[in-house]
Amino acid sequence: MATKANKVKGRSRSSRRISRIIIFSVEILVILVMLLVVVKVFQVTGEKPEGGGNAGPHIADFSEEDIVVNQAVKDDPVMKGYWNIALFGVDATNSAELYKSSRSDSMMIASVNLDTGEIKLVSVFRDTYLNIGSDKYKKANAAYKNGGAEQAIAMLNMNLDLDIKDFVTVNYQAVIDVVNGLGGIWIDVETEEEVTHLNNYQASIIRDTMPNRDMEDYNAVTETGYQLLDGLQAAAYCRIRYTRGDDFKRTERQRTVLQAIEDQAKKADLTTLANLFTKVMNNVYTSIKSDDILAMINNINNYQIVDEGGFPKEGMRTTGTIGAVGSCVIPLNLEENVVWLHQFLFGDEEYQVTQEVKKYSDIIKSDTSPYLNQ
């Protein structure tokens, strides 16, 4: 783990990465320990050639230099102490759709404090009305569909004044395989309504992504309470959005599942993790190379998720139908939301947004105000 002493000695960003934890997100995966284990146990390269092979996950073919970051953010001294990772869960039904043409129905930012190992998670609501990285204003999840991970990262950096360079993308099958490989995860299913929707979503996932499987071929959840969920049940739980807060509650469930996955992964042995990675690697697309993962195995227990939230922040957002774009989550003031985000993630109490964010904030207000005032 990076320490203050290390940083005083001038360690580079790339060398500090060696000891960082890497995590996936709910509809996003788990701890990248699985990648590490496969490299260590099977001595694979971590590079998966386009179109096949079993060497490792699909590795992004764009470089850090291709990523859009607002100019003033590049020199921000506070963010230099953090590693910010974009986590995408997409509705891809095959590995080709991991790259593009799928909407990112789950988007998270995982911010790792390099001094303490503390991790904070922020869900970016998929229907948030933002500049999608191309100076077009639509729902945030359109960025991945239009331009893949590169554009989706640009969207996050441009609107939120972040310096994200790394990402991990997975699909539903990866989530299912991870949870099953860990022997399930413990989740509190709180209401009968959640039970009903959880079972309905199990059938929906089978219908949409498993054409050779009978829609009724799943283990129904029959009661509320704290219980062990299998992979399909956990993926279905992540998708519930018709109870208590709609998509806002859905993203909270996703973060709950991520925490449960982390807890189980930390208990697993090397053989379990190695077998798990072998099963899921074809459903993973990432910018993170194996060399960055190799040295972190001994430090996994030094990292923990300490807080989580959603963007735009409650009390600083509303919802509305914005013309042809449809039903959206709307930041009432993007500038104020970005200031809050930097306070939450980095403890930066004096953050001032860039000129770019000010411009986007004005455009969002201009675009949405006529619909909100009707």
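Mentor: Contact, the term to begin with, means heavy atoms within 4.5 Å of each other. In the protein chain, residues 24 or more positions apart account for 73% of the contacts with a separation of 6 or more.

Trainee: What kind of model is this?

Mentor: This is a predicted model, in which local features need pLDDT of at least 70 and side-chain atom pairs count only at pLDDT 80 or more, while totals for chains, interfaces and linings use all residues. Residues are numbered from 1 along each chain as its sequence is written, and side-chain values use heavy atoms, with hydrogens and water left out.

Trainee: How many helices and strands does the protein chain have?

Mentor: Helices (H or I, at least four residues) and strands (E, at least two) are DSSP runs, numbered from the N terminus. The protein chain has 12 helices and 13 strands.

Trainee: What percentage of the 374 residues count as buried?

Mentor: Buried means under 20% relative accessible area, exposed over 50%, and partly exposed in between, with a 1.4 Å probe and protein chains only. Of the 374 residues, 56% count as buried.

Trainee: Which residues of helix 6 are buried?

Mentor: The buried residues of helix 6 include E194, H197, L198, Y201 and I205.

Trainee: How far apart are the end C-alpha atoms of helix 6?

Mentor: The expected span of a helix is 1.5 Å times one less than its number of residues. Helix 6 has 18 residues (192-209) and should therefore span 26 Å; its end C-alpha atoms are 26 Å apart, which agrees.

Trainee: At what angle do helix 6 and helix 7 pack?

Mentor: Axes are lines fitted to C-alpha atoms, for helices over the stretch in contact, and angles run from 0 to 180 degrees between N-to-C directions. Helix 6 and helix 7 (residues 231-239) pack at about 110 degrees, with axes 8 Å apart. Angles under 35 degrees count as roughly parallel, over 145 as roughly antiparallel, 65 to 115 as roughly perpendicular and the rest as oblique. Helix 6 and helix 7 are therefore roughly perpendicular. Among the residues making the contact are L198, Y201 and I205 of helix 6 and L232, A236 and Y237 of helix 7.

Trainee: At what angle do the axes of helix 11 and helix 12 cross?

Mentor: The axes of helix 11 (residues 334-346) and helix 12 (residues 355-372) cross at roughly 135 degrees and come within 8 Å. That makes helix 11 oblique to helix 12. Here the contact is made by L334, E335 and V338 of helix 11 with V357, K358, Y360, S361 and I364 of helix 12.

Trainee: How many salt bridges are there?

Mentor: A salt bridge is a side-chain nitrogen of Lys or Arg within 4 Å of a carboxyl oxygen of Asp or Glu. The count comes to 3. One of them joins R253 and E194, whose closest N and O atoms are 2.9 Å apart. This pair links distant parts of the chain, since R253 is in helix 8 (residues 247-267) and E194 is in helix 6, 59 residues apart. R253 counts as buried at 1% relative accessibility, and E194 counts as buried at 0%.

Trainee: Which residue forms a salt bridge with R207?

Mentor: R207 pairs with D208, at 3.0 Å between the closest N and O atoms. D208 is partly exposed, with a relative accessible area of 39%. R213 and D217 also meet in a salt bridge, 3.4 Å from N to O. R213 is partly exposed at 32%, and D217 is partly exposed at 43%.

Trainee: How far from buried D161 is the nearest side chain of opposite charge?

Mentor: Lys and Arg count as positive and Asp and Glu as negative; His and the chain ends are not counted. D161 has no salt bridge, and the nearest side chain of opposite charge, K358, is 9.3 Å away. D161 lies in the loop between helix 4 (142-160) and strand 7 (166-171), and its relative accessibility is 0%. Leaving aside neighbours within four places in sequence, its contacts include N70, M79, H342 and Y351.

Trainee: Which residues does a cis peptide bond join?

Mentor: The cis bond joins F311 and P312, with omega about 0 degrees. P312 is in the loop between strand 11 (304-311) and strand 12.
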